[in-house]
Amino acid sequence: MTTADSQTRPRTATAPKRARAGRQGNRVSVLDRPGPSNLLYILPGFLIYGAFVFLPILAAIGISLTDWNGISSPVFVGLDNFAKLFADDLFYKALGNNAQFILYYCVFPLLIGIVLAAILSSVGTRQRLALRTLFFLPYIMPTAVLGIIFQWLYNPAFGPFNQILKAVGLGKLALPWLGDFHFVLPAVGAVATWYFFGFCMVIFLTGIQRIDPSLHDAAKVDGARPWQSFASITAPLLLPEIRVVLLLTVIASIKSFDLIFTMTRGGPSNATLVPNIYMYQLGFQLNRFGYAAAVALIGAILVFAVNFVIHQTMQRLDKVSQ
Amino acid sequence: MSRLTQAGAVLPSRIVLWLFALLTVVPFGLLILTSFKSQADLMKGAFVLPPYPHFENYVNAWVDGHFSTYFTNSVLVVVPVVAISTVIGILTGFAFAFLSFPFKKGAFVILTIGMMVPSEAFIIPLYYEMLNLRLINTYWALILPQVAMSIPFATIFMASTMRQIPAELLEAAVIDGATRQHVLWGIIVPLLRPAASSLALFLFIWTWNEFLIPLILVNDDALRTLPIGMLFFQGKYTVNTPVLTAGAVIVILPIVVVYLAFQRKFIEGLTAGAAK
Amino acid sequence: MHHTILQRLRLKAVAGFAAGGLAAALSLGTPAIAQTLVTWDDYTDVGQNAVIEQLNKNFVAAHPGVTLNRTARTFDDLSLTLKLTVSAGDGPEVTKVNQGAGDQGTMAQQGLLLPIDDYIAQYGWDKRQSEGILARTRWSDKGQFGEGPAYGISGLGEIVGLYYNQKVLADAGIAAAPASFEELVQDVETLKGKGVTPFVIGTAKQHFALHLIAGIEQAHIDASNRQTLDDLVYGRGGSFKTDAGLAAATIVQKWATEGGFIDGYQGISGDDAVQLFVAGGGAFLVSGTWQFGAMQNNPDIHFMPVPPPAGVTKPLSVGGVDLSWSITSNAKDKATQDLGAQYIDYMVSPEAATIWAEAGFFPSTPLSDPSVVKSTVLSEGLAMWKTLGENNALGHYPDWASPTLLKTYDDNTPLLLAGSITPQAFVDAVDADYQAYLATKK
């Protein structure tokens, strides 16, 4: 992933060896031994992983090449499912919704996180630690339970949210959030932002704390305002953290299921449908397991692709900023 | 900068800070407040305090909602998953950090694939596999797949932390004639303690919150874990919001307690590992 | 090196829990002996749950040596997991199954359910329930719905009808419940004028919009003309593009977009709507008899058929029976199957019917003693049941017509209610789904 370790640890005589070891290690170390004894260390892990994750994934690939209702024998149909997928309006809708969700899963939390981290870094230690603990709280919650809780909060008849709006005279805004075609996606997205912003902030906070404060002092002497100093010094140096945050949140948005499912089941009328929920419906409600597996595969490929793009972009930005 | 402009520069940021703090806290506050109300109290308004706290909501949730069963099951699943995954993470991480073996790069890719593919994609084949192994509707159906799903992250996290260890330390031990086992368990693991406990905390939270695996792989109500229990509870109690919120508090409370107890370690471990 | 207390505790706990987990694992997954019956049902509602627990207790008391292993699953979840588990040789021996092509039809054709005609004859179930009702669980070898062996029988009846709050109507100046559909439309306008919510409805969860549209649609169909509907639902052919269908979609859209529905209905669930209605939040609510448990808490609330338009003397009411009890392929030997049949027999017995009625629910088997019925809505419902039986006017849930129709309805009703699609487009979408299904059957 990143070579941030070269910035955090003082260089020692053996540093070159370790710096290179930061990448995918096929570095030989003093603990290495010839012969098969090395394999013993990876055996238990790969056995369990292979049996309960990798094998099922391979099976899923196989199923995606068939037509299967879950009960009778699968019928081989080759790439037919994938062909159907590329002509499937509902799938594109799901992808489009996912693209919009990325705004709420990644962009907003990132921006909020970075700003909050910048503010927090200038606050006293005790306050900072307390607020850091607080802001991280949403992230540890089970998203399924969060979905149930926010569903209640958004309920136009019984929920507190609309009651508050009415109480402060904003009754016009008291919409049926999770039932409104235009606002349901932002409403669900808002929960995702609420869930992730503390997580992002915490990562950025650590990043900020490793930045040499003398850089900021120098800027202040030159007359820079705090936000100028932030934009030109802090932000660029946070590129590694930005990259990690982007990676993790984008992957989370593509894998998203629990939160959206418990709040809207993908509705109303597919307004919040995302590929994972579509896959679930196809498989478990419509019994089209082959097609569902194809959707799952495409979703996984998307995750890879996005991962790759972010990785490449960040590497290029990394080089540019140096 | 004069003191006035300094104060002026600080105030908006303080407001922003406390605004977000409020936004974070209010849902939890409302949740807890509502859990102590009666249904009649609800109608009076979201922020109105109830005349007296209705603790029976929690009793109802615990008993009628079978939350005692679900809680026990969650514990019975999470503890083995976290323990086994951490140990395997250490072993496999050790291999990736320091050893060479054939197809190492390929093995790494295989692990990463597992991290990126959502569990919905392979849950059906997994179901049939569990069925054939006669493990469906058992605790193993919940433990083994989740161990498997934790292995990639555990491995990568442990491996990158291990690589931070100064090579001289390891070299010295080997020169002194220490076996690899001793180096691993006697030297590396103690140094790994903070990272390993962060890993354990992560795995604890992810496994505690897991939704799809318990939903599909287990039918028996006696084996359900808390998040699934919560879902069914909602199906039964949609209209009894106070009891519903009491149930939600029961589900969330253990995580919050664990988090608050270990939050420093947790966050530090997260940020250290995430940067790798 | 020293372990932290946490680590030490965790190690001890791991050992303890691993042993416990192993023991649990070994003890579960036992083969079914004739003495244990694994049942699944969908009685997750608090009231229903109490009744089934009582019934199960009675059954076990009457059959010493028998244990019941019961799991309750919500309707959606049951549909989800039942086919998967039974086809994999796991799961219940006796279960509730949703009738129609999606669940029961598919399972019957795959041999996952046991034909029960022999038991019907043996226990005389056909004396307790009419053929019109039993036909709903029949699937022929060729996959024809409505004929062939029967695969299940139900304990509860269901009718979709119009709940009305007498007091709310009276306060708005409406002296009596609407006797015709035209009066209902008029009443809605009157209520709107007085600022009273005409229809309490919630579409975020459950299927209230579907039942409203279907209820109105079938009230426009006279029992003498029911063949078309029967053909549709039993997959014999036909089209959903009917005048009644269009009329229903049009009026419902009008109500939804012009203030006939409660404010914010899109964001509240059906269950929420029931609670609001019971609390006096509006004049009308269209739903089924399964709401009796909640409705009986407000004595002002009454139940009646959706009133027919002029010219229809014997209107159909959407309904049927609740999910049927069936015996699955997991009941491998005759002894288990017989035990399953005994269980089902008890579930549809007059004694069970009485217990359901006492709790305010709607049994499909006639009551031996009607006086046990204490709730107004239940007696009204039972009277309706009798009339519908005599007139052969029990309609159908339209989504039974194709395995994907429920989803099609769920996807399109929000659009219809929001005014995003025309009623014609709505009817076309429903019909398109059905025609696609017919094409696959050929």
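Two residues are in contact if their C-beta atoms, placed from the backbone, lie within 7 Å. In chain A, residues 24 or more positions apart account for 70% of the contacts with a separation of 6 or more. This is a predicted model: local features need pLDDT of at least 70, side-chain atom pairs count only at pLDDT 80 or more, and totals for chains, interfaces and linings use all residues. Residues are numbered from 1 along each chain as its sequence is written, while chains are lettered from A and ligands numbered from 1 in the order in which they are written.

**Chain A overall**
- Chain A holds 15 helices and two strands (DSSP runs numbered from the N terminus: helices are H or I, at least four residues; strands are E, at least two).
- The C-alpha trace of chain A spans about 75 × 70 × 35 Å along its principal axes.

**Helix packing in chain A**
- Helix α5 (residues 89–120) of chain A packs against helix α9 (residues 184–209) of chain A at an angle of about 40°, and their axes lie 6 Å apart.
- The contact of α5(A) with α9(A) has 23 nonpolar, five polar and no charged residues (Ala, Val, Leu, Ile, Met, Phe, Trp, Tyr, Cys and Pro count as nonpolar; Asp, Glu, Lys and Arg as charged; the others, Gly among them, as polar).

**Interface of chains A and B**
- Contacts link 80 residues of chain B with 82 residues of chain A.
- Helix α1 (residues 3–35) of chain B gives the largest share of the side of chain B that touches chain A: twelve residues.
- That side of chain B comprises 58 nonpolar, 13 polar and nine charged residues.

Key
Axes are lines fitted to C-alpha atoms, for helices over the stretch in contact, and angles run from 0 to 180 degrees between N-to-C directions.
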